[in-house]
Amino acid sequence: MHGHDLPEWRRAAELTGRRTECGVLDRLIGAVREGQSRSLVLHGEAGVGKSALLEYVAVQALGCRVTRVAGVESEMELAFAGLHQLCAPVLDRLDRLPPPQQEVLRTVFGLSAGPPPDLFMIGLAALSLLSEAAAEKPLLCLVDDHQWLDRCSTQILSFVARRLGAESVGLIFATRSIGTPLARVPDFPVAGLADADARALLDAVLTGPIDAQVRDQLVAEAHGNPLALLELPRGLTPAQLAGGFGLPGAGTIEDSFVRRVAAVPEQTRKLLLLAAADPSGDEALVRRAAARLGIAPEAAGPAVEAGLAEFGTRIRFRHPLMRSAAYRSASAADRLQVHQALAEVTDAGLDPDRRAWHRAQATAGPDADVAAELERSAGRAHARGGLAAAAAFLQKAATLTADPALRAGRALAAAETEIRCGGFDAAIDLLAVAEAGPLDDLQQTRADLAHAQFAYVSNRGKDAAPLLLKAAKRLEPVDAAMSRGTYLDALAAAIFAGRLADPGGDVLAVARAAEAAPPPPGDARAPDLLLDGLAADYNRGYASALPSLRRALATFGDDLSTEEQLHWLSWATVAAMRTWDDAHWDTLSARHIRIARATGALSELPLALTLRTYLLLFVGDLTAAADLAAETQVVKEATGSSLAPYGALGLAAFRGDATQAQALLDATEEDVKRRGEGLGITLAEWAMAVLHNGLGQYDAALSAARRATAFEADPASMVWPMAELVEAAVRSGRPDEAIETWRLLEQMTGASNTSWALGLQARCGALLSDEEDLYREAIAQLEKTRVKVDIARAHLLYGEWLRRERRRTDARDHLRTAHTSFEAMGLAGFAERARRELQAAGGTARKRAVPAQSELTAQETQIARMARDGLSNPEIATRLFISARTVQYHLRKVFSKLDITSRAQLEQALPR
């Protein structure tokens with residue numbers, strides 16, 4: 001399509017006064033042609049020229065493929081309608097995607113049946129598809145009227161826009177205002193034309209003379225809006241334009257469109273209403289519906305002659321506001337009539353959801369049959385992963401339901417679905433509708449659970465535990481298994497709330513209620529054992545919790561579905577951490593990540609990655625921990641997760657990076673206090689205690705450890721901070737404070753009796769008693785574990801003690817062991833502390849060779865490490881939420897910077 005093929009009004013609107021905007025778009029097109037990717041949001045009021053700028057891109061995109069989608073207000077509830085419209089021209093590349101991504105898109109577009117896909121896996125698959133399409137020719141995707149796109153498509157396309165890299169894809173949105181989904185996409189405001197440009201545009205489109213005063217008034221009324229400049233003069237006679245007398249107020253653009261629709265014959269108006277009511281643009285479908293209403297084919301003529309719409313293979317309105325004017329200016333009776341006609345001619349087998357939606361719009365009052373059809377549409381949308389559409393269908397079904405109990409049930413189902421897809425405001429309104437109607441016991445419990453889930457998902461803090469507890473109690477006589485699961489959820493929420501919990505929702509109150517939960521209906525499974533163990537910990541003490549917790553860890557996964565494992569794996573891992581069971585911590589945290597990745601459960605992934613990151617910190621593999629912390633940040637950015645940066649904070653503390661740790665501490669504490677997540681304060685202050693102990697700043701370490709151990713109601717959450725407090729207090733000359741903490745710690749470590757627990761018990765005991773055998777025992781016990789950092793710390797403390805005992809030769813052996821270990825693991829703070837002690841003992845620390853600094857960026861380093869570890873490009877792309885082509889692009893840069901030619905050489909170029 002060339003510029004001279006465009007209608008004159010469109011060429012004028014594009015070219016007049018838009019040099020800056022066109023320059024921005026030209027640079028975007030140029031970058032895409034050169035193999036880069038770009039995303040951009042054009043935003044401004046209706047008629048300001050956004051659509052014209054998209055047309056400019058389409059005309060200028062020589063050598064590029066262009067695919068387009070336009071949001072339509074009446075189609076906002078059809079799942080993935082916009083995404084399908086955008087992807088349909090390139091679906092022939094579907095078989096080039098990794099099989100899991102192929103299946104995701106086949107399910108979404110109704111090409112095959114499958115489990116409901118995760119929203120972000122759909123986004124990754126869409127990104128891969130566009131990347132494959134761009135491999136042959138640069139691809140420009142134009143999204144007009146984004147504000148009217150269906151919610152499912154909006155979520156996916158905003159995800160794609162944020163994750164574009166080196167795919168030769170340009171994604172440009174035109175919208176009236178930037179909402180939350182597009183908030184992190186680069187944007188460019190489209191403002192009205194300057195007065196001089198507005199006059200030039202007006203002169204260009206008028207065929208007759210215009211009085212200067214009239215022109216100035218029209219320019220003033222249009223406020224630089226190009227569409228207003230084109231439309232407002234249409235309501236004026238030639239005499240009014242030329243003479244300047246009696247110039248009436250021209251009104252708004254919408255008023256102008258309404259007047260123009262009203263000026264055509266009645267049958268033409270009805271035909272325009274039909275076309276406006278069916279956003280598919282399917283001319284054949286509209287013609288069939290018109291025939292049912294007795295509208296002759298010739299009725300399209302006046303609309304075409306008046307420039308209101310084009311009737312070709314597809315129907316296209318002059319402007320979206322014209323579609324809106326044609327629809328909204330019609331009477332309610334006429335709108336019902338055309339929707340009924342469209343429903344009758346829409347194939348129930350090929351397009352059941354669009355037919356159901358038309359039937360709903362054609363229904364003036366309650367209709368049981370239509371409501372049931374909408375409910376079936378909700379089920380189909382849910383199966384394709386279109387939760388937002390499913391919620392909309394259910395909400396409309398509830399509106400059309402006369403039976404109060406059935407209406408309440410459908411409103412409840414809609415609320416539950418809205419919570420799952422993040423529609424929290426709508427969910428609260430729907431819950432109010434549901435609770436106004438008669439709900440049975442199970443439904444009322446579901447409503448309580450929905451309130452609790454809303455509190456937990458939207459703000460993982462102190463509000464969730466009391467609501468979950470209420471739901472668990474309601475469930476007791478209805479469903480014992482579900483009640484126990486809800487009690488465990490309530491206890492988990494209370495542990496998260498910690499010191500910030502409200503009365504009645506604190507961990508002790510919830511634990512008391514949980515211990516009175518009904519017994520499991522059959523044999524106790526791992527979640528039952530976790531509930532019994534955690535409740536026993538708070539009610540009867542740490543030792544009484546261990547049998548149930550250990551059985552839970554040993555049997556976790558037996559008789560549990562994948563979904564159940566995902567739900568409870570985080571707390572099974574936490575149980576392993578609290579019992580000093582490094583073996584189960586290792587296996588369970590690895591399984592959690594593996595299942596979350598395999599199933600696309602991306603909402604679970606940030607917590608799973610964080611729990612694994614902490615294990616790697618204790619193991620001393622800080623490189624792998626850094627990779628997982630970076631991946632956590634990528635997932636959080638992609639999914640909008642609110643999880644605090646616990647992994648990154650722990651990493652900075654172990655590295656001895658005080659500046660980074662302090663910045664992360666400030667961000668973490670502000671975040672968790674706002675959400676009421678008291679456990680986060682314990683973890684953050686523990687990390688700072690580790691940092692300061694490593695740096696030898698014992699007073700600061702003691703202050704942080706005191707804050708970390710201030711919540712005495714949950715001793716098991718303090719198992720790590722207590723060890724830091726003992727060391728910091730002894731080194732600060734406060735042995736009495738250290739003894740008090742050690743006694744509490746010893747009760748738990750003695751009961752745990754694992755090598756890790758006994759090693760820490762001996763290490764802390766040695767600090768307090770100066771008994772050499774305890775230092776030796778600490779090293780011997782810890783060497784049976786994976787936790788190399790604690791082994792090195794035991795050598796450091798033993799070496800420091802030996803030096804003070806003037807046994808310098810023995811001290812040098814242990815201090816050198818500690819220093820070498822810390823250096824190898826990357827614990828710079830502890831390494832420097834060991835170096836100073838070794839030097840004081842008369843030894844010299846062999847300086848580790850500092851590897852030459854490469855020029856790799858953080859993302860290149862991450863990709864290179866994954867490639868070194870054997871991951872394929874698609875696997876790396878899936879983990880980092882980028883396309884496989886972007887991975888390949890970065891690997892080419894990595895090879896060039898490292899002067900290598902193959903992945904096999906990464907092992908030497910990036911030593912472990």
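These questions and answers go through a few residues and cores of a predicted model.

Student: Which helix holds Thr-268?
Tutor: Helices are counted from the N terminus. The one that spans residues 266–277 includes Thr-268, and this is helix 13.

Student: Is Thr-268 buried or exposed?
Tutor: The relative accessible area of Thr-268 is 2%. Buried means under 20%. Because 2% falls under that cut-off, Thr-268 is buried.

Student: Which residues does Thr-268 touch, not counting residues up to four places away in sequence?
Tutor: A contact needs heavy atoms within 4.5 Å. With the sequence neighbours set aside, the residues that Thr-268 touches are Ala-299, Pro-302 and Ala-303.

Student: Is Gln-859 buried, partly exposed or exposed?
Tutor: Gln-859 sits in helix 44, residues 858–868. Its relative accessible area is 32%. Buried is under 20% and exposed is over 50%, so a value of 32% makes Gln-859 partly exposed.

Student: How far apart in space are Gln-859 and Ala-450?
Tutor: In sequence, 409 residues separate Gln-859 and Ala-450. In space, taken from C-alpha to C-alpha, the distance is 39 Å.

Student: Which residues have the most contacts inside the largest nonpolar core?
Tutor: That core has 227 residues. The residues with the most contacts inside the core are Trp-720 and Phe-822.

Student: How many residues are in the second, separate core?
Tutor: Ala-275, Ala-299, Ala-326 and Ala-330 are among its members. The number of residues in this second core is 48.

Methods. Residues numbered from 1 in each chain as written. Predicted model: local features only at pLDDT ≥ 70, side-chain atom pairs only at ≥ 80, totals over all residues. Heavy atoms only, no water. Helix = DSSP H or I, 4+ residues; strand = E, 2+ residues; numbered from the N terminus. Buried < 20%, exposed > 50% of the residue type's maximum accessible area, 1.4 Å probe, protein only. Core = buried A, V, L, I, M, F, W, Y, C linked by side-chain atoms within 4.5 Å.
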